[in-house]
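Here is a short briefing on one protein chain. Keep the sequence and the 3D view open while reading.

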Amino acid sequence: MSLHRTFSRLAVIACLLPGLAWSSGAGAADTGDVSLAGTWTLVAADVLHPDGSRSHDYGDAPKGLLLIDRTGHYSLQLYRADRPRFANPSKAKATAQEYRAAVMGASTHYGTVAVEPGRHQLVFHIEGASFPNWEGQEQRRAFEVQGDTLSYQVPPRPDGDVPVSVWRRIGN
């Protein structure tokens, strides 16, 4: 076999290995038998209260998008659909109430995500976030996947409320 042909085959194998590692669950985005790569749209952003009741945490019709690539990099955006617009067209000239509604009506972060299938946990390694205190954190979420629906629970808040996000896959 010629040196050129050997090099070509090695180059093809080198290109295929990352994809094979993803499908086998190896690497930074260890997913076991669960593949979360794709595009997800938000179905619900609710909260479970200590008394067992459930309410909408981001309004009746929240908006959101979760993108996860095959290497485990993700970007997540979640918004209240009913966020009020600022009265002034300048972002720098809003009132304190407008800034509060904008900040409290959105949750965004990006980084890498891994799956611990045996523990049914997503592990988010947050690189950047709309809430700066999350940057550099590792956050775990109990999750389940049923068909094209992903749902997870955030650890309880200080008041005992447990946020729940439900996503539907819309693309790979």
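Seven salt bridges turn up in a search of the whole structure, which is a predicted model.

**Salt bridges**

- Asp 57 and Arg 157 form a salt bridge, with their closest N and O atoms 2.4 Å apart.
- This pair links distant parts of the chain, 100 residues apart. Asp 57 sits in the loop between strand 2 (54-56) and strand 3, and Arg 157 in the loop between strand 8 and strand 9.
- Asp 57 has a relative accessible area of 21%, so it counts as partly exposed. Arg 157 is partly exposed as well, at 32%.
- Arg 140 meets Glu 116 in another salt bridge, at 2.9 Å from N to O.
- Arg 140 belongs to strand 7 (residues 138-146) and Glu 116 to strand 5, so this contact ties together parts 24 residues apart in sequence.
- Arg 140 is partly exposed at 27% relative accessibility. Glu 116 is partly exposed at 23%.
- Asp 148 forms a salt bridge with Arg 169, and here the closest N and O atoms are 3.7 Å apart.
- Asp 148 lies in the loop between strand 7 and strand 8, while Arg 169 lies in strand 9, so parts 21 residues apart in sequence are tied together.
- Is each partner buried or exposed, or in between? Asp 148 is partly exposed, with a relative accessible area of 45%. Arg 169 counts as buried because its 16% falls under the 20% limit.

**Nonpolar core**

- The largest nonpolar core has 20 residues. Leu 66, Tyr 74, Leu 122, Leu 150 and Trp 167 touch the most other members.
- Six strands each supply at least two residues of this core: strand 1 (38-48), strand 3 (63-68), strand 4 (73-79), strand 5 (106-116), strand 6 (121-129) and strand 8 (149-153).
- Strand 6 gives the largest share, four residues.
- Beyond its sequence neighbours within four places, Leu 122 is in contact with residues including Leu 36, Val 113, Val 115, Phe 143, Leu 150 and Tyr 152.
- Leu 36 is found in the loop between helix 1 (3-24) and strand 1. With a relative accessible area of 3%, Leu 36 is buried.
- Outside the four places on either side in sequence, Leu 36 is in contact with Ile 68, Val 115, Leu 122, Val 145, Leu 150 and Arg 169.
- The C-alpha atoms of Leu 36 and Gly 72 are 8.5 Å apart, although 36 residues separate the two along the chain.

**Strand 9 and its partners**

- Strand 9 (residues 162-171) is mostly covered, with seven of its ten residues buried.
- Strand 9 pairs with strand 1 in the antiparallel sense, over nine bridges. Val 47 has Pro 163 of strand 9 as its bridge partner.
- Strand 9 also pairs with strand 8, again antiparallel, over five bridges. Here Tyr 152 has Ser 165 as its bridge partner in strand 9.

**Buried polar side chains**

- Gln 121 lies in strand 6. It is buried, with a relative accessible area of 17%.
- A 3.0 Å polar contact joins the side chains of Gln 121 and Arg 140.
- Not counting residues up to four places away in sequence, Gln 121 touches Ala 114, Val 115, Glu 116, Arg 140, Arg 141 and Phe 143.
- His 109 is part of strand 5. At 4% relative accessibility, His 109 counts as buried.
- The side chains of His 109 and Tyr 74 make a polar contact of 2.7 Å.
- Setting aside sequence neighbours within four places, His 109 has contacts that include Ser 75, Phe 124, Ile 126, Trp 134 and Arg 141.

**Aromatic rings**

- The structure holds four aromatic pairs.
- Phe 86 and Tyr 99 have ring centres 5.8 Å apart and planes at 85°, so they form an edge-to-face pair.
- Phe 86 is in the loop between strand 4 and helix 2 (96-104), and Tyr 99 is in helix 2, 13 residues apart.
- Phe 86 is partly exposed at 26% relative accessibility. Tyr 99 is partly exposed at 35%.
- Tyr 74, Phe 124 and Tyr 152 form one aromatic cluster.

Methods: Residues are numbered from 1 along each chain as its sequence is written. This is a predicted model: local features need pLDDT of at least 70, side-chain atom pairs count only at pLDDT 80 or more; totals for chains, interfaces and linings use all residues. Side-chain values use heavy atoms; hydrogens and water are left out. A nonpolar core is a set of buried Ala, Val, Leu, Ile, Met, Phe, Trp, Tyr and Cys residues joined through side-chain atoms within 4.5 Å. Buried means under 20% relative accessible area, exposed over 50%, partly exposed in between (1.4 Å probe, protein chains only). Contact means heavy atoms within 4.5 Å. Rings of Phe, Tyr and Trp (its six-membered ring) pair if their centres lie within 6.5 Å; planes under 30 degrees apart count as stacked, over 60 as edge-to-face and the rest as tilted. A polar contact is a pair of N or O atoms within 3.5 Å; within protein, one must be able to donate a hydrogen and the other to accept it, and residues adjacent in sequence count only if both atoms are side-chain atoms. Two strands pair if DSSP finds at least two bridges between them. A salt bridge is a side-chain nitrogen of Lys or Arg within 4 Å of a carboxyl oxygen of Asp or Glu.
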